[in-house]
Amino acid sequence: MDLLVLYGSKVQKLPSKRLKKISTNLPMAIITLTTDFGEKDHFAGAIKGAIYSEQPEVKIVDISHSVSPFNISEAAYIIQNAYSSFPKGTIHLIGIDSELNKENKHIAVKLDDHYFICANNGIMSMICSEIAPEKIVEINIHDKIETSFPVLDVFVKVAGHIARGGTLEVIGKTIDTIKPIKNLIPFVNDEKNQIIGNVIYIDNYGNVVTNIRKKFFEDIQKGRSFEISARNYKFKTVFSKYSDIVNFDIEEDKRNDEGKALVVFNSSKYLEIAIYKSNTTTVGSASTLMGLTMMDTVTINFNNA
């Protein structure tokens, strides 16, 4: 059986013997999936089936299908903190706000020896702010594929092409820039004594992650004391880990630490407001107890004295 392969603007047949020879020389591809499709509907399953139809030997890994609908910054945070754990050459398929229109094109990006296939809607800007992409192409195979579900039809075709060792130039035209996410970089005033950040992610425990990274904070802080404000809550200490709030000199049965609010730099080095051992059904969480939601403001004031 011959396989249709994209070469420039033409679809050509690749003989199965040649395909077999090529595929045996390539490592087994890994394709990850990150979407806002949830688990109830058929979408995630259909995508996996289409990938296996393209490339039966690949490994598929679900990063998350529980991204809040159309939440670009949430998806960007998840991808940024998950992709580097995978081997070089992994293909990351991201299905968030992916409907094609004149303001929402599709792109494939090679970055840090990984491949990302997504809409050009800002999802990649968080990663690209720290690591320069090796190559970005705007996908242009849509005239060859009839679709109303681009993640299933277009993104899967592109992932299959890359998994077979194909180059990005075959499926798109090279571009230099990608669309940014609004409020990605915190605001710093002219006096350098205030940072204004935003909530960009709320995790499964209800912990609230801001767009203020540890290095950014320390570069502005320069050793000064500070006060962090989130709604009516104030904090003057940032812990290294959640359990730092516990006084282990007190006998365990006399402690009352669960439910206490704290601020940490989390494992991804983002400033996070949390509740120790939070549980949204019992002690509550930073999000529920403080009323913090996506894009809410978190302010840090530094003492100049």
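Leaving aside its neighbours within four places in sequence, which residues is Val158 in contact with? Keep that in mind as you go through these close-ups of a predicted model.

**View 1. Val158 and its contacts.** Here's what you'll find once you skip the neighbours within four places in sequence: Val158 is in contact with Ala108, Ile117, Ile139, Ile141 and Ile171. In the largest nonpolar core, which has 30 residues, Val158 and Ile171 touch the most other members. Several elements give two or more residues to this core: β3, α2 (43-54), β5 (91-95), β7 (114-119), β8 (135-139) and α5 (150-163). Helix α5 supplies the largest share, 8 residues.

**View 2. Another core, apart from the largest one.** This core has 29 residues, and Val67, Ile78, Tyr83 and Ile107 are among them.

**View 3. Ile31 in strand β3.** Strand β3 covers residues 30-35, and Ile31 sits in it. Is Ile31 buried or exposed? Its relative accessibility is 1%, so Ile31 counts as buried. Beyond its neighbours within four places in sequence, Ile31 is in contact with Ile51, Val58, Lys59, Ile60, Val61, Ile91, Leu93 and Ala159. Now look for Phe116: Ile31 and Phe116 are 85 residues apart in sequence, yet 9.7 Å separates their C-alpha atoms in space.

**View 4. Helix α3, mostly covered.** How many of the 11 residues in α3 (residues 72-82) are buried? The count is 10.

**View 5. Arg164 and its polar contact with Glu54.** Find Arg164 in the loop between α5 and β9 (172-174). Why does Arg164 count as buried? Because its relative accessibility is 12%, and buried means under 20%. The side chains of Arg164 and Glu54 are joined by a polar contact of 3.2 Å.

**View 6. Residues 15-24, where pLDDT stays under 50.** Across the protein the mean pLDDT is 88, and 91% of the residues reach 70 or more. Over residues 15-24, though, pLDDT stays under 50, and the model has 9 contacts beyond four places in sequence for them.

Key. Residues are numbered from 1 along each chain as its sequence is written. This is a predicted model: local features need pLDDT of at least 70, side-chain atom pairs count only at pLDDT 80 or more; totals for chains, interfaces and linings use all residues. Side-chain values use heavy atoms; hydrogens and water are left out. Helices (H or I, at least four residues) and strands (E, at least two) are DSSP runs, numbered from the N terminus. Buried means under 20% relative accessible area, exposed over 50%, partly exposed in between (1.4 Å probe, protein chains only). Contact means heavy atoms within 4.5 Å. A nonpolar core is a set of buried Ala, Val, Leu, Ile, Met, Phe, Trp, Tyr and Cys residues joined through side-chain atoms within 4.5 Å. A polar contact is a pair of N or O atoms within 3.5 Å; within protein, one must be able to donate a hydrogen and the other to accept it, and residues adjacent in sequence count only if both atoms are side-chain atoms. pLDDT is the predictor's confidence in each residue, from 0 to 100.
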